[in-house]
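Here is a walk through one protein model, from the overall fold down to single side chains. Keep the 3D view open and follow along.

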Amino acid sequence: MNSAYDKITTSQAIVVFVNYILAAGILSLPRTAVQEMGTPDVWLAVILGGMITMAAGIVMAKLSQGYPGKTFFEYGGAIVGKWMGILIGLFFIEHFITIAAFEARVMAEITSFFLLEGTPLWAITMTMMWVGLYSVKAGMGAIARLFEIIFPITVIIFDGCFYEQRTI
């Protein structure tokens, strides 16, 4: 595989990040947050969480600029030491595996509810995982290009949903 072909541009990174945020979690966030907090003031928690996430993103972007050509796991060990870097790296791996499992389950349930009624969740999840594995095999560049194609459709759909909610 050509390593230069697998690199992504800044605009592709932004599109991947936005698509990641707008994934199935955004469909369940308002209801789940209101149920957990028991108050309609959930928007404050969402704004605070967004600000914390943006700050973390800025820190990670600056660190990536400071260590060009290195992965998060490579420069993490250089900053905090080898063993602490391994521990932090394992924490991030566990975090993203948990999010991936949650997203796969939510997407399977949404697909089952709206499109494939009566289809077992394991069949939907396995099919999505096969497609994901095929995409990952081609590298991050292929996934970023796919997200660039999907992004305008996603924006139109979400804009239509928000417009419909405002007019009701």
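This is a predicted model. Begin with the whole chain. The protein has 168 residues, and 15% of them are buried. Its secondary structure consists of seven helices and zero strands. Read from the N terminus, the order of elements is α-α-α-α-α-α-α. Now take the contacts between residues at least 6 apart in sequence. Of these, 55% join residues at least 24 apart.

Next, look at how two helices meet. Helix α3 covers residues 42–66, and helix α4 covers residues 72–80. Their axes are 11 Å apart and cross at an angle of about 85°. Angles from 65 to 115 degrees count as roughly perpendicular, so α3 is roughly perpendicular to α4. Which residues make the contact? From α3 come M60, L63 and S64, and from α4 come F72, Y75 and I79.

F72 and Y75 belong to a cluster linked by ring pairs, together with Y67, F73, F91, F92 and F96. The structure holds seven aromatic pairs. Take F91 and F92 as an example. Their ring centres are 6.0 Å apart, and their planes stand at 85°. Planes over 60 degrees apart count as edge-to-face, so this pair is edge-to-face. How exposed are the two partners? F91 has 54% relative accessibility, so F91 counts as exposed. F92 has 24% relative accessibility, so F92 counts as partly exposed. The line between these two classes is drawn at 50% relative accessible area.

Another ring takes part in a contact with a charge. The charged end of K82 sits over the ring of W83. The distance from that charged end to the ring centre is 5.3 Å.

Move along to helix α5, which spans residues 82–114. Side chains of opposite charge can pair when their charged atoms come close. How many salt bridges does the model hold? The count comes to one. The partners are E109 and R105, with 2.5 Å from N to O. A salt bridge requires this kind of atom pair within 4 Å, and the E109 and R105 side chains meet that rule at 2.5 Å. Both residues lie in α5, four residues apart, or about one turn of the helix. The relative accessible area of E109 is 37%, so E109 is partly exposed. R105 has 47% relative accessibility, so R105 also counts as partly exposed.

Stay in α5 and find S112. Is S112 buried or exposed? Buried means under 20% relative accessible area. S112 comes to 16%, so S112 is buried. What touches S112, once neighbours within four places in sequence are set aside? The contacts are E117, T119, L121 and I124.

Finish in helix α7, which runs over residues 140–167 and includes R145. R145 has 27% relative accessibility, so R145 counts as partly exposed. Now find I8. In sequence, R145 and I8 are 137 residues apart. In space, their C-alpha atoms are 8.7 Å apart.

Conventions
Residues are numbered from 1 along each chain as its sequence is written. This is a predicted model: local features need pLDDT of at least 70, side-chain atom pairs count only at pLDDT 80 or more; totals for chains, interfaces and linings use all residues. Side-chain values use heavy atoms; hydrogens and water are left out. Buried means under 20% relative accessible area, exposed over 50%, partly exposed in between (1.4 Å probe, protein chains only). Rings of Phe, Tyr and Trp (its six-membered ring) pair if their centres lie within 6.5 Å; planes under 30 degrees apart count as stacked, over 60 as edge-to-face and the rest as tilted. A charge sits over a ring if NZ of Lys or CZ of Arg is within 6 Å of the ring centre and within 35 degrees of the ring normal. Contact means heavy atoms within 4.5 Å. Axes are lines fitted to C-alpha atoms, for helices over the stretch in contact, and angles run from 0 to 180 degrees between N-to-C directions. Angles under 35 degrees count as roughly parallel, over 145 as roughly antiparallel, 65 to 115 as roughly perpendicular and the rest as oblique.
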